[in-house]
Amino acid sequence: MSYTRHEEALNFAAHPLLWGLAKVARHRRPCWRVPGLGVVVSDARLAREILSRDTEFTKNGPGSFASVISEGLGAKALGNMDGVRHRELRDALTEVLAPERAEIIIRERRADLHAMCDSLRPGSTIDFARFTRGWAGRIAFDVIGARPAAGEEDAASQELVRRSAGLSSILGFRKPSRNAMRKAAQDRDALAAFFRDAYGQPAPPQSLIAILQEMKLDFESALGLLLIYAIGGTLTLSAALPRILALLLDSGTYQDLARQPELISQTVDEGLRFTTPLPGTVRIVKKAVVVDGIRFAASTRLIVLTCNMARDPHFFDDADRFDIGRVYNPRAGRLWYGAGAHRCAGFSLAQRELKEALSIISAQVPSLRIAGRSVTFGALLPAYRELLISSEGPVHQWQ
């Protein structure tokens, strides 16, 4: 299966050690102690328990992502918070990514998708990975409530995604080096420059900046939240959409989707399950606890492998096969978005972005092929650096 080889290449380029570890760990469920790293959790049922119990399995502690987030992004960045403070702040920001708000944002960005499809005349080629990065950046600016200078929207959107990816590089499974933290600081400062002027002006209603202004946060206090939304709002979409489109084309199921648009929702669920853009996360055991008969000692570092949770045979038959006809299993709970209090706040927007993009592209350009591709090395989220696509037939006009 060619799609399997391409996905292997993407994951290996991003996380060579982690991906090798994940493949071994699939055969050592439910968990496996790896000296010098922690306890690797692959079983979906066990992982969901861990992710749902944030009072016992915290995001903070030695070896956690939270300590690096605090150093690189600031004290208030959601991803480094637990308990009551986290819930209060997240509740205050709920309307930023509420379903009705997400629908408005996507509706305003449909024209970008139609214009991209119109450019795919037979014989022409575009870099779909680059387009997606620009589209993700535009949407992130809309969510945050900042506006690039006139005529510079695409350049600013590409830069927003590039800097967000650079800043996210410190959030790996090993402690970042001083040089990595120095580069991350440069990316943080560049991103702050995008938002600083906008923060001092009236912002669009329901935007992140508007809500933070209502909370009376000064810019430095708000910056961590702006940065984490920039990272989360751009990297998942820019990584996942090109991978799912490539999966459809490599597996020969793209034209099935073009003929059966009712499969869009299933395709998004299956695409996210199969690619699992964020392959893992970290939790720290706050105090000794027993879960499903397994005892975890206090201060144990847990590597929860999302990529293995999404291939758990308890939830997914023939889990290594990409199947857009797969019926969503409600017991799985879309674990690729996490679970519990730290479940991805932007899942509603992400679902809508992916559905909208695949719906428009498959309807407007029913015959596509991949003309070339290259992978990104060392990325937090495995992604295509370049994905060249060409139309093999007529492009349907947007009415």
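The exercises below work through salt bridges, a sheet, a helix and one serine.

This is a predicted model, in which local features need pLDDT of at least 70 and side-chain atom pairs count only at pLDDT 80 or more, while totals for chains, interfaces and linings use all residues. Residues are numbered from 1 along each chain as its sequence is written, and side-chain values use heavy atoms, with hydrogens and water left out.

**Exercise 1. Salt bridges**

Find how many salt bridges the whole structure holds, and state whether R109 is buried or exposed.

Step 1. A salt bridge is a side-chain nitrogen of Lys or Arg within 4 Å of a carboxyl oxygen of Asp or Glu. The search of the whole structure gives 29 of them.

Step 2. One of these joins R109 to D112, with N and O 3.3 Å apart. Buried means under 20% relative accessible area, exposed over 50%, and partly exposed in between (1.4 Å probe, protein chains only). R109 has 12% and is buried; D112, at 19%, is buried too.

Step 3. R109 and D112 belong to a network of salt bridges that also links R130, R138, D142, R147, E153 and D154.

Step 4. Another salt bridge joins R311 and D320, whose closest N and O atoms are 2.9 Å apart. R311 is buried at 11%, whereas D320 is partly exposed at 43%.

**Exercise 2. The open sheet**

Step 1. Strands (E, at least two residues) and helices (H or I, at least four) are DSSP runs, numbered from the N terminus. Two strands pair if DSSP finds at least two bridges between them.

Step 2. The open sheet has 5 strands in the order β1-β2-β8-β5-β3, with mixed pairing.

Step 3. Inside the order, β5 (residues 281-285) and β8 (residues 301-304) pair in the antiparallel sense over 4 bridges. In this pair, T281 is opposite V304 of β8.

Step 4. Helix α2 (residues 16-25) lies across β1 and β2 (38-41) and runs at about 135° to β1. Such axes are lines fitted to C-alpha atoms, for helices over the stretch in contact, and the angles run from 0 to 180 degrees between N-to-C directions.

**Exercise 3. Helix α14**

Work out how many residues of α14 are buried and which helices these residues pack against.

Step 1. α14 (residues 264-275) has 12 residues and spans 16 Å from first to last C-alpha, close to the expected 16 Å. The expected span is 1.5 Å times one less than the number of residues.

Step 2. Of the 12 residues, 10 are buried, so α14 is largely enclosed by the rest of the structure. Among them are I264, V268, L272 and F274.

Step 3. The buried residues pack against α1 (2-14), α12 (219-250), α13 (254-259) and α16 (347-364), where contact means heavy atoms within 4.5 Å.

Step 4. After α14 comes T276, with a positive phi near 40°.

**Exercise 4. Serine 390**

Identify the strand that holds S390 and the side chain with which S390 makes a polar contact.

Step 1. S390 is in strand β10 (residues 384-391) and is buried at 2% relative accessible area.

Step 2. A polar contact is a pair of N or O atoms within 3.5 Å; within protein, one must be able to donate a hydrogen and the other to accept it, and residues adjacent in sequence count only if both atoms are side-chain atoms. The side chain of S390 makes one with the side chain of T125, at 2.7 Å.

Step 3. Leaving out residues up to four places away in sequence, S390 touches L120, S124, T125, S367, L368, R369 and A371.
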